[in-house]
Amino acid sequence: MANVRGTGVLGDESSTSRLRNAVFDEIVPSSDWTEDLDGHYLLVDLPDFKKEQVKIQVVNNGQIKIYGERKVNENKYIRFNQTFKAPQESDLDGITAKFDGEILYLTVPKKKVLVPSHENNDQNLHQKSADEKLKKKDHHDGINHHNKDQKEEKEHQKTKTEGEKEASKSPLYFPDESIRRWERETNYLKSAMGMLNKNKALVVTAILAFSLGMFITRKFESDNGE
């Protein structure tokens with residue numbers, strides 16, 4: 001692929017020695033532009049032409065000139081001469097051309113657009129502001145999460161304390177066997193107390209009789225001793 005800036009050419013055939021009675025047929029080749037993000041592309045259909053028969057010239061006013069001729073016979077030539085306006089924002093110094101299969105491919109790269117410094121500053125400030133907002137949001141979310149954890153912990157402690165209070169108020173549970181044993185022992189105690197109350201008078205009388213007997217005996221022994 002050759003660079004065609006200025007007077008560069010794809011071919012070097014000279015056409016200065018022609019017969020004065022030669023016939024020249026002028027043609028207009030089919031052509032079309034296409035583009036992508038990187039550049040513009042011109043395709044020119046040149047049937048039966050060879051690379052050395054085609055010339056390309058780029059002039060300073062943004063015009064791209066493509067011309068050439070080929071010999072049909074001793075007295076006949078076919079030639080063309082076309083001028084194309086380069087698209088805006090084209091890098092004329094970077095134009096390249098390639099001839100392949102009777103098709104001329106012309107590549108016109110786009111100029112690299114530089115962002116002005118003040119726009120860069122605005123973008124930087126915008127990005128910085130966005131970063132600060134994100135940091136504040138993360139900090140705020142962290143505080144909310146911490147407060148939420150504290151609140152849940154307090155609720156848990158409150159629920160635990162209330163549960164312990166309710167447990168302390170609940171009546172004690174005793175097995176049925178223990179309750180029945182206590183009832184039997186209580187009944188025995190009641191029977192003993194009843195019998196004691198019933199025979200209380202007899203017990204008192206026996207105690208008095210025993211005390212009186214002991215006194216008489218001691219009295220009798222005292223009198224004999226005298």
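**Note on the predicted model: strands, core and salt bridges**

1. Gln 82 counts as buried, at 15% relative accessibility; buried means under 20% relative accessible area, exposed over 50%, and partly exposed in between, with a 1.4 Å probe and protein chains only. Gln 82 belongs to strand 7. Apart from neighbours within four places in sequence, Gln 82 is in contact with Val 28, Pro 29, Ile 64, Lys 65 and Ile 66, where contact means heavy atoms within 4.5 Å.

2. The model is predicted: local features need pLDDT of at least 70, side-chain atom pairs count only at pLDDT 80 or more, and totals for chains, interfaces and linings use all residues. Residues are numbered from 1 along each chain as its sequence is written, and side-chain values use heavy atoms, with hydrogens and water left out.

3. The protein chain contains three helices and nine strands. Helices (H or I, at least four residues) and strands (E, at least two) are DSSP runs, numbered from the N terminus. From the N terminus on, the order of elements is β-β-β-β-β-β-β-β-β-α-α-α. Of the 226 residues of the chain, 17% count as buried. The chain exposes about 18000 Å², and carbon and sulfur atoms supply 54% of that area; accessible areas come from the Shrake-Rupley method with a 1.4 Å probe, and for residues only the protein chains shown count as cover. Among contacts between residues at least 6 apart in sequence, 57% join residues at least 24 apart.

4. Four strands form an open sheet in the order 2-7-6-5, with mixed pairing; two strands pair if DSSP finds at least two bridges between them. Strand 2 (23-26) and strand 5 (54-58) stand at the edges with a single partner strand each, so one side of each has no neighbour in the sheet. Neighbouring strands of this sheet are turned by 20° against each other on average, direction ignored. For such angles, axes are lines fitted to C-alpha atoms, for helices over the stretch in contact, and angles run from 0 to 180 degrees between N-to-C directions.

5. Within this sheet, strand 6 (residues 63-73) and strand 7 (residues 76-85) pair in the antiparallel sense over ten bridges. Arg 70 stands opposite Ile 78 in strand 7.

6. Strand 8 (residues 96-100) and strand 9 (residues 103-109) also pair in the antiparallel sense, over five bridges. Phe 99 has Leu 104 in strand 9 as its bridge partner. The two strands form a hairpin with two residues between them, and Gly 101 in the turn has a positive phi of about 60°.

7. The largest nonpolar core has 20 residues, of which Leu 46, Val 54, Ile 64, Ile 66, Leu 104 and Leu 106 touch the most other members. A nonpolar core is a set of buried Ala, Val, Leu, Ile, Met, Phe, Trp, Tyr and Cys residues joined through side-chain atoms within 4.5 Å. Strand 4 (39-45), strand 5, strand 6, strand 7, strand 8 and strand 9 each give two or more residues to this core.

8. The structure holds five salt bridges, each defined as a side-chain nitrogen of Lys or Arg within 4 Å of a carboxyl oxygen of Asp or Glu. One of them joins the side chains of Lys 76 and Asp 25 (3.2 Å, N to O). Lys 76 lies in strand 7 and Asp 25 in strand 2, so this pair ties together parts that are 51 residues apart in sequence. Lys 76 is partly exposed, with a relative accessible area of 30%, and Asp 25 is partly exposed, with 28%.

9. Another salt bridge joins the side chains of Glu 26 and Arg 79 (2.5 Å, N to O). Glu 26 in strand 2 and Arg 79 in strand 7 are 53 residues apart, and the pair links distant parts of the chain. Arg 79 counts as partly exposed, at 30% relative accessibility.

10. Arg 70 forms a salt bridge with Asp 48, the closest N and O atoms being 3.6 Å apart. Arg 70 lies in strand 6 and Asp 48 in the loop between strand 4 and strand 5, 22 residues apart. Arg 70 counts as buried, at 15% relative accessibility. Apart from neighbours within four places in sequence, Asp 48 is in contact with Gln 53, Arg 70 and Glu 102. The C-alpha atoms of Asp 48 and Gly 101 are separated by 9.3 Å, and these residues are 53 residues apart along the chain.
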